[in-house]
Amino acid sequence: NPVAPVPDDVALLQYTGGTTGKPRAAILTHRNLSAATLIYCEWFKVEPHAGPGQSVLVYSPLFHILGLTTNLLRRVAEGGQVFLRQRFDAAEAVDLIERHRIAAFGGVPTTWIALTQVPGIDQRDLSSLSYAGSGGAPLPVEVERRVRQLTGLDLRGGWGMTETAPAGTNIPLNMPAGKEGTIGIPLPGVELQIVALDDPRRLLPHGETGELRVRGPNVTIGYHNCPEETRAAFVDGWLLTGDVGHCDEDGFFFLTDRKKELIVSSGFNIYPLTIENAIHEHPDVAEAAVIGIPDETAGEVVKAYVTLNAGFKANEETERAIRGHARKRLG
(Lines give C-alpha, C1' and ligand atoms only; values in the text may rest on other atoms or scores of the structure.)
Protein backbone atom coordinates (compact mmCIF):
# COMPACT_ATOMS: atom_id res chain seq x y z
CA ASN A 1 0.00 0.00 0.00
CA PRO A 2 1.20 3.52 -0.74
CA VAL A 3 2.53 5.42 2.26
CA ALA A 4 1.56 9.07 2.66
CA PRO A 5 4.60 11.35 2.79
CA VAL A 6 5.40 13.28 5.94
CA PRO A 7 6.93 16.79 5.97
CA ASP A 8 10.50 15.62 6.50
CA ASP A 9 10.47 13.08 3.66
CA VAL A 10 12.68 13.93 0.69
CA ALA A 11 10.68 15.63 -2.06
CA LEU A 12 13.46 16.64 -4.43
CA LEU A 13 17.17 16.29 -5.08
CA GLN A 14 17.99 19.67 -6.59
CA TYR A 15 21.41 19.82 -8.17
CA THR A 16 23.60 22.87 -7.75
CA GLY A 17 27.05 23.51 -9.14
CA GLY A 18 27.77 26.45 -6.85
CA THR A 19 31.31 27.67 -7.47
CA THR A 20 33.02 24.35 -6.84
CA GLY A 21 32.53 22.97 -10.36
CA LYS A 22 31.32 19.68 -8.85
CA PRO A 23 27.51 19.30 -9.00
CA ARG A 24 25.94 18.39 -5.67
CA ALA A 25 22.34 17.52 -4.92
CA ALA A 26 20.73 19.62 -2.22
CA ILE A 27 18.18 17.52 -0.34
CA LEU A 28 14.89 19.42 -0.27
CA THR A 29 12.09 17.95 1.83
CA HIS A 30 8.35 18.48 1.52
CA ARG A 31 8.73 20.84 4.50
CA ASN A 32 11.41 22.86 2.70
CA LEU A 33 9.36 23.33 -0.48
CA SER A 34 6.08 23.97 1.33
CA ALA A 35 7.75 26.48 3.63
CA ALA A 36 9.41 28.33 0.74
CA THR A 37 6.12 28.50 -1.19
CA LEU A 38 4.21 29.83 1.84
CA ILE A 39 6.99 32.32 2.57
CA TYR A 40 6.67 33.84 -0.91
CA CYS A 41 2.84 33.83 -0.75
CA GLU A 42 2.92 35.64 2.58
CA TRP A 43 5.49 38.20 1.40
CA PHE A 44 3.62 39.16 -1.78
CA LYS A 45 -0.02 38.79 -0.63
CA VAL A 46 -0.72 42.54 -0.41
CA GLU A 47 0.67 43.35 -3.86
CA PRO A 48 -1.45 43.79 -7.02
CA HIS A 49 0.41 41.18 -9.08
CA ALA A 50 -0.37 38.41 -6.55
CA GLY A 51 -3.49 36.31 -6.12
CA PRO A 52 -6.06 34.53 -8.30
CA GLY A 53 -6.04 35.31 -12.01
CA GLN A 54 -2.92 37.47 -11.97
CA SER A 55 -0.59 36.71 -14.89
CA VAL A 56 3.15 36.10 -14.93
CA LEU A 57 5.39 35.63 -17.97
CA VAL A 58 7.92 32.86 -17.32
CA TYR A 59 11.10 32.04 -19.19
CA SER A 60 12.92 30.62 -16.17
CA PRO A 61 13.28 26.85 -16.57
CA LEU A 62 11.17 24.95 -14.08
CA PHE A 63 14.08 22.61 -13.35
CA HIS A 64 15.78 25.63 -11.74
CA ILE A 65 14.75 26.20 -8.13
CA LEU A 66 13.82 29.86 -8.77
CA GLY A 67 11.44 28.96 -11.58
CA LEU A 68 10.05 25.95 -9.72
CA THR A 69 9.20 27.72 -6.47
CA THR A 70 8.53 31.36 -7.29
CA ASN A 71 6.89 30.91 -10.69
CA LEU A 72 5.18 27.51 -10.53
CA LEU A 73 4.53 26.43 -6.94
CA ARG A 74 3.73 29.90 -5.65
CA ARG A 75 1.46 30.85 -8.60
CA VAL A 76 -0.39 27.51 -8.42
CA ALA A 77 -0.88 28.02 -4.68
CA GLU A 78 -2.35 31.48 -5.37
CA GLY A 79 -4.47 30.46 -8.35
CA GLY A 80 -2.51 32.69 -10.70
CA GLN A 81 -2.04 32.43 -14.47
CA VAL A 82 1.34 31.34 -15.85
CA PHE A 83 2.49 32.05 -19.41
CA LEU A 84 5.31 29.55 -20.06
CA ARG A 85 7.91 30.00 -22.79
CA GLN A 86 10.86 27.71 -23.52
CA ARG A 87 13.42 30.08 -24.98
CA PHE A 88 13.90 33.75 -24.11
CA ASP A 89 13.46 36.28 -26.87
CA ALA A 90 13.46 39.91 -25.73
CA ALA A 91 11.29 41.23 -28.58
CA GLU A 92 8.75 38.42 -28.04
CA ALA A 93 8.68 39.18 -24.31
CA VAL A 94 7.76 42.81 -24.96
CA ASP A 95 5.02 41.71 -27.40
CA LEU A 96 3.56 39.27 -24.85
CA ILE A 97 3.58 41.84 -22.05
CA GLU A 98 1.62 44.24 -24.25
CA ARG A 99 -0.79 41.65 -25.71
CA HIS A 100 -1.66 39.75 -22.52
CA ARG A 101 -1.32 42.65 -20.08
CA ILE A 102 1.21 40.71 -18.03
CA ALA A 103 1.29 41.77 -14.37
CA ALA A 104 4.63 40.29 -13.35
CA PHE A 105 7.84 39.55 -15.22
CA GLY A 106 11.29 38.64 -14.01
CA GLY A 107 14.53 37.12 -15.17
CA VAL A 108 18.27 37.01 -14.72
CA PRO A 109 20.30 40.22 -15.29
CA THR A 110 21.04 39.28 -18.92
CA THR A 111 17.28 39.06 -19.52
CA TRP A 112 16.85 42.70 -18.52
CA ILE A 113 19.94 43.82 -20.41
CA ALA A 114 18.48 42.30 -23.60
CA LEU A 115 15.02 43.75 -22.98
CA THR A 116 16.37 47.28 -22.50
CA GLN A 117 18.07 47.00 -25.90
CA VAL A 118 14.94 46.04 -27.90
CA PRO A 119 14.64 48.60 -30.73
CA GLY A 120 12.03 51.24 -29.91
CA ILE A 121 11.63 50.01 -26.34
CA ASP A 122 11.00 53.56 -25.10
CA GLN A 123 7.77 53.68 -27.13
CA ARG A 124 6.38 50.30 -26.00
CA ASP A 125 3.53 49.86 -23.49
CA LEU A 126 4.77 48.14 -20.36
CA SER A 127 2.17 49.77 -18.12
CA SER A 128 0.47 46.48 -17.17
CA LEU A 129 3.51 45.45 -15.14
CA SER A 130 3.16 45.96 -11.41
CA TYR A 131 6.18 43.78 -10.58
CA ALA A 132 9.57 43.58 -12.28
CA GLY A 133 12.07 41.21 -10.72
CA SER A 134 15.65 40.06 -11.17
CA GLY A 135 17.49 37.13 -9.65
CA GLY A 136 20.11 34.45 -10.19
CA ALA A 137 23.09 36.84 -10.17
CA PRO A 138 23.98 40.33 -8.96
CA LEU A 139 22.33 43.05 -11.05
CA PRO A 140 24.40 45.98 -12.34
CA VAL A 141 23.10 49.22 -10.81
CA GLU A 142 23.04 50.95 -14.21
CA VAL A 143 20.70 48.29 -15.63
CA GLU A 144 18.45 48.76 -12.60
CA ARG A 145 18.19 52.49 -13.36
CA ARG A 146 17.34 51.86 -17.01
CA VAL A 147 14.50 49.44 -16.13
CA ARG A 148 13.09 52.03 -13.74
CA GLN A 149 13.07 54.55 -16.61
CA LEU A 150 11.15 52.14 -18.87
CA THR A 151 8.61 50.71 -16.43
CA GLY A 152 8.31 53.19 -13.60
CA LEU A 153 9.04 50.26 -11.28
CA ASP A 154 11.93 49.55 -8.99
CA LEU A 155 13.51 46.35 -10.26
CA ARG A 156 13.06 44.03 -7.34
CA GLY A 157 14.13 40.55 -6.42
CA GLY A 158 16.47 39.38 -3.77
CA TRP A 159 18.86 36.68 -2.79
CA GLY A 160 18.46 32.95 -2.42
CA MET A 161 20.11 29.62 -3.11
CA THR A 162 19.16 26.18 -4.33
CA GLU A 163 19.81 25.17 -0.71
CA THR A 164 17.14 27.61 0.56
CA ALA A 165 14.53 26.53 -2.02
CA PRO A 166 15.40 29.50 -2.82
CA ALA A 167 13.76 31.85 -0.28
CA GLY A 168 16.22 34.18 1.39
CA THR A 169 15.76 37.92 1.04
CA ASN A 170 13.59 40.20 -1.06
CA ILE A 171 13.33 43.91 -1.76
CA PRO A 172 10.24 45.40 -0.06
CA LEU A 173 7.62 47.31 -2.03
CA ASN A 174 8.27 50.65 -0.35
CA MET A 175 12.04 50.58 -0.06
CA PRO A 176 13.70 53.60 1.55
CA ALA A 177 15.84 55.83 -0.66
CA GLY A 178 19.57 55.24 -0.87
CA LYS A 179 19.46 51.44 -0.96
CA GLU A 180 20.55 50.86 -4.57
CA GLY A 181 22.24 47.51 -5.02
CA THR A 182 20.56 45.91 -1.99
CA ILE A 183 19.28 42.34 -1.99
CA GLY A 184 16.63 43.44 0.50
CA ILE A 185 15.64 42.12 3.90
CA PRO A 186 15.08 38.53 5.11
CA LEU A 187 11.78 36.96 4.08
CA PRO A 188 9.29 35.84 6.77
CA GLY A 189 10.69 32.94 8.77
CA VAL A 190 14.21 33.31 7.35
CA GLU A 191 17.12 34.36 9.57
CA LEU A 192 20.27 35.84 8.02
CA GLN A 193 23.50 36.95 9.67
CA ILE A 194 26.96 38.21 8.67
CA VAL A 195 29.90 36.31 10.17
CA ALA A 196 33.67 36.67 9.93
CA LEU A 197 35.32 35.05 6.91
CA ASP A 198 37.87 33.35 9.15
CA ASP A 199 35.47 32.38 11.96
CA PRO A 200 31.86 31.48 11.03
CA ARG A 201 30.81 31.65 14.69
CA ARG A 202 31.81 35.32 15.12
CA LEU A 203 29.00 37.74 14.30
CA LEU A 204 29.99 41.02 12.67
CA PRO A 205 28.46 44.44 13.37
CA HIS A 206 26.50 46.50 10.83
CA GLY A 207 28.57 47.68 7.89
CA GLU A 208 31.36 45.11 8.19
CA THR A 209 31.91 42.67 5.31
CA GLY A 210 31.74 38.95 5.96
CA GLU A 211 30.01 35.73 4.92
CA LEU A 212 26.23 35.34 4.94
CA ARG A 213 24.83 32.46 6.98
CA VAL A 214 21.15 31.46 6.89
CA ARG A 215 18.64 29.46 8.93
CA GLY A 216 14.96 28.66 8.39
CA PRO A 217 12.36 25.95 7.66
CA ASN A 218 13.17 26.19 3.94
CA VAL A 219 16.89 25.41 4.30
CA THR A 220 18.17 22.06 3.02
CA ILE A 221 19.10 19.33 5.46
CA GLY A 222 22.31 18.65 3.52
CA TYR A 223 23.82 17.29 0.32
CA HIS A 224 22.93 13.85 -1.00
CA ASN A 225 25.73 11.30 -0.46
CA CYS A 226 28.15 14.12 0.46
CA PRO A 227 28.64 13.84 4.23
CA GLU A 228 31.89 15.85 4.30
CA GLU A 229 30.42 18.73 2.27
CA THR A 230 27.33 18.71 4.49
CA ARG A 231 29.41 18.92 7.67
CA ALA A 232 31.51 21.76 6.23
CA ALA A 233 28.42 23.71 5.13
CA PHE A 234 26.75 23.92 8.54
CA VAL A 235 27.84 25.60 11.77
CA ASP A 236 25.58 25.36 14.83
CA GLY A 237 22.53 24.76 12.63
CA TRP A 238 23.31 27.67 10.28
CA LEU A 239 24.10 27.13 6.58
CA LEU A 240 27.22 28.93 5.40
CA THR A 241 26.31 30.39 2.01
CA GLY A 242 29.70 31.24 0.54
CA ASP A 243 28.33 34.70 -0.31
CA VAL A 244 30.15 37.78 0.93
CA GLY A 245 28.37 40.99 1.92
CA HIS A 246 27.24 43.27 4.71
CA CYS A 247 24.11 44.46 6.51
CA ASP A 248 23.40 48.15 7.07
CA GLU A 249 21.92 49.69 10.22
CA ASP A 250 18.39 49.46 8.76
CA GLY A 251 18.65 45.69 8.27
CA PHE A 252 19.14 45.77 4.48
CA PHE A 253 21.66 43.28 3.10
CA PHE A 254 24.15 43.92 0.30
CA LEU A 255 26.23 41.35 -1.61
CA THR A 256 29.86 42.03 -2.38
CA ASP A 257 30.70 38.76 -4.13
CA ARG A 258 31.11 35.03 -3.82
CA LYS A 259 33.68 33.99 -1.22
CA LYS A 260 35.45 31.78 -3.75
CA GLU A 261 35.50 34.54 -6.40
CA LEU A 262 37.49 36.94 -4.24
CA ILE A 263 40.58 38.23 -6.07
CA VAL A 264 43.66 38.79 -3.89
CA SER A 265 46.14 41.11 -5.61
CA SER A 266 49.28 42.24 -3.79
CA GLY A 267 47.56 41.46 -0.50
CA PHE A 268 44.44 43.48 -1.29
CA ASN A 269 40.98 41.88 -1.42
CA ILE A 270 39.21 42.79 -4.67
CA TYR A 271 35.57 41.91 -5.33
CA PRO A 272 34.69 41.37 -9.03
CA LEU A 273 31.17 42.75 -8.64
CA THR A 274 32.54 46.16 -7.59
CA ILE A 275 34.50 46.43 -10.81
CA GLU A 276 31.67 45.03 -12.96
CA ASN A 277 29.31 47.69 -11.60
CA ALA A 278 31.78 50.45 -12.46
CA ILE A 279 32.28 49.19 -16.02
CA HIS A 280 28.51 48.81 -16.50
CA GLU A 281 28.07 52.53 -15.91
CA HIS A 282 29.84 53.24 -19.24
CA PRO A 283 27.13 53.99 -21.82
CA ASP A 284 28.70 51.78 -24.53
CA VAL A 285 28.80 48.65 -22.35
CA ALA A 286 26.15 45.91 -22.58
CA GLU A 287 27.72 43.28 -20.30
CA ALA A 288 30.86 42.86 -18.21
CA ALA A 289 32.40 39.95 -16.33
CA VAL A 290 35.51 40.17 -14.15
CA ILE A 291 37.87 37.38 -13.08
CA GLY A 292 41.27 37.08 -11.47
CA ILE A 293 44.18 35.72 -13.50
CA PRO A 294 47.60 34.57 -12.22
CA ASP A 295 50.39 37.14 -12.01
CA GLU A 296 54.00 36.50 -10.96
CA THR A 297 54.33 39.77 -9.06
CA ALA A 298 50.88 40.44 -7.59
CA GLY A 299 49.66 36.85 -7.28
CA GLU A 300 46.49 37.77 -9.16
CA VAL A 301 45.43 40.67 -11.35
CA VAL A 302 42.00 41.67 -12.59
CA LYS A 303 40.80 40.82 -16.11
CA ALA A 304 37.51 42.15 -17.49
CA TYR A 305 35.54 40.71 -20.40
CA VAL A 306 33.26 43.32 -21.94
CA THR A 307 30.46 43.14 -24.52
CA LEU A 308 29.58 46.43 -26.20
CA ASN A 309 26.15 47.72 -27.19
CA ALA A 310 25.11 47.28 -30.81
CA GLY A 311 26.88 49.69 -33.14
CA PHE A 312 30.02 50.07 -31.05
CA LYS A 313 33.29 48.47 -32.16
CA ALA A 314 35.84 46.84 -29.94
CA ASN A 315 39.14 48.61 -30.60
CA GLU A 316 42.02 50.21 -28.70
CA GLU A 317 40.22 53.56 -28.47
CA THR A 318 37.15 51.94 -26.85
CA GLU A 319 39.37 49.97 -24.49
CA ARG A 320 41.16 53.15 -23.40
CA ALA A 321 37.82 54.88 -22.84
CA ILE A 322 36.50 52.06 -20.64
CA ARG A 323 39.77 51.88 -18.69
CA GLY A 324 39.62 55.63 -18.07
CA HIS A 325 35.98 55.42 -17.08
CA ALA A 326 36.73 52.63 -14.57
CA ARG A 327 39.80 54.41 -13.19
CA LYS A 328 37.65 57.38 -12.15
CA ARG A 329 35.25 55.14 -10.22
CA LEU A 330 37.57 52.65 -8.55
CA GLY A 331 40.28 52.84 -5.94
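What share of the contacts in the protein with a separation of 6 or more comes from residues 24 or more positions apart? I counted contacts as heavy atoms within 4.5 Å, and found that such residues account for 61%.

**Entry 1: ground rules**

I noted that this is a predicted model, in which local features need pLDDT of at least 70, side-chain atom pairs count only at pLDDT 80 or more, and totals for chains, interfaces and linings use all residues. Residues are numbered from 1 along each chain as its sequence is written, and side-chain values use heavy atoms, with hydrogens and water left out.

**Entry 2: overall dimensions**

Along the principal axes, the C-alpha atoms fill a box of roughly 70 × 50 × 35 Å.

I then listed the secondary structure, with helices (H or I, at least four residues) and strands (E, at least two) taken as DSSP runs numbered from the N terminus. The protein has eight helices and 19 strands.

The protein exposes about 16,800 Å², of which carbon and sulfur atoms supply 52%. I called a residue buried under 20% relative accessible area, exposed over 50%, and partly exposed in between (1.4 Å probe, protein chains only). By that criterion, 47% of the 331 residues count as buried.

**Entry 3: charges and salt bridges**

I counted Lys and Arg as positive and Asp and Glu as negative, leaving out His and the chain ends. The place of a charge was NZ of Lys, CZ of Arg, CG of Asp or CD of Glu. There are 31 positive and 40 negative side chains, and the centres of the two sets lie 2 Å apart.

Side chains of opposite charge can pair when their charged atoms come close. I took a salt bridge as a side-chain nitrogen of Lys or Arg within 4 Å of a carboxyl oxygen of Asp or Glu, and the count comes to 21.

I examined E47 and R156, whose side chains meet in a salt bridge at 2.8 Å, N to O. The pair links distant parts of the chain, 109 residues apart: E47 is in the loop between α1 (30-44) and β3 (55-58), and R156 is in strand β7 (residues 156-159). E47 is buried at 6% relative accessibility, and R156 is buried at 5%.

I next checked R75 and E78, which form a salt bridge at 3.9 Å, N to O. They are three residues apart in helix α2 (residues 65-78) and therefore separated by about one helical turn. Both R75 and E78 are buried.

E180 lies in the loop between β8 (169-170) and β9 (182-186) and R148 in helix α5 (residues 141-151), so the pair ties together parts 32 residues apart in sequence. E180 is partly exposed at 37%, and R148 is partly exposed at 28%. I also found E180 and R148 in a salt-bridge network with E142, R145 and D154.

**Entry 4: the loop between β7 and β8**

Most residues other than glycine have a negative phi, and most peptide bonds are trans. In this loop I found A165, which has a positive phi of about 65° although it is not a glycine. The peptide bond from A165 to P166 is cis, with omega near -20°. A165 is buried, with a relative accessible area of 0%.

T162 is found in the loop between β7 and β8 as well, and is buried at 13%. Not counting residues up to four places away in sequence, T162 touches Q14, Y15, T16, A26, L28 and I65.

I compared D236, another residue other than glycine with a positive phi, near 55°. D236 is in the loop between β13 (234-235) and β14 (238-247) and counts as exposed at 51%.

I found helix α7 (residues 272-280) mostly covered, with eight of its nine residues buried. Among them are I275 and A278.

L330 is in the segment after α8 (316-329) and is partly exposed at 26%. Leaving aside neighbours within four places in sequence, L330 is in contact with T274, I275 and A278. The C-alpha atoms of L330 and F253, 77 residues apart along the chain, are separated by 22 Å.

Conventions: Areas by Shrake-Rupley, 256 points an atom, 1.4 Å probe, with all protein chains shown as cover.
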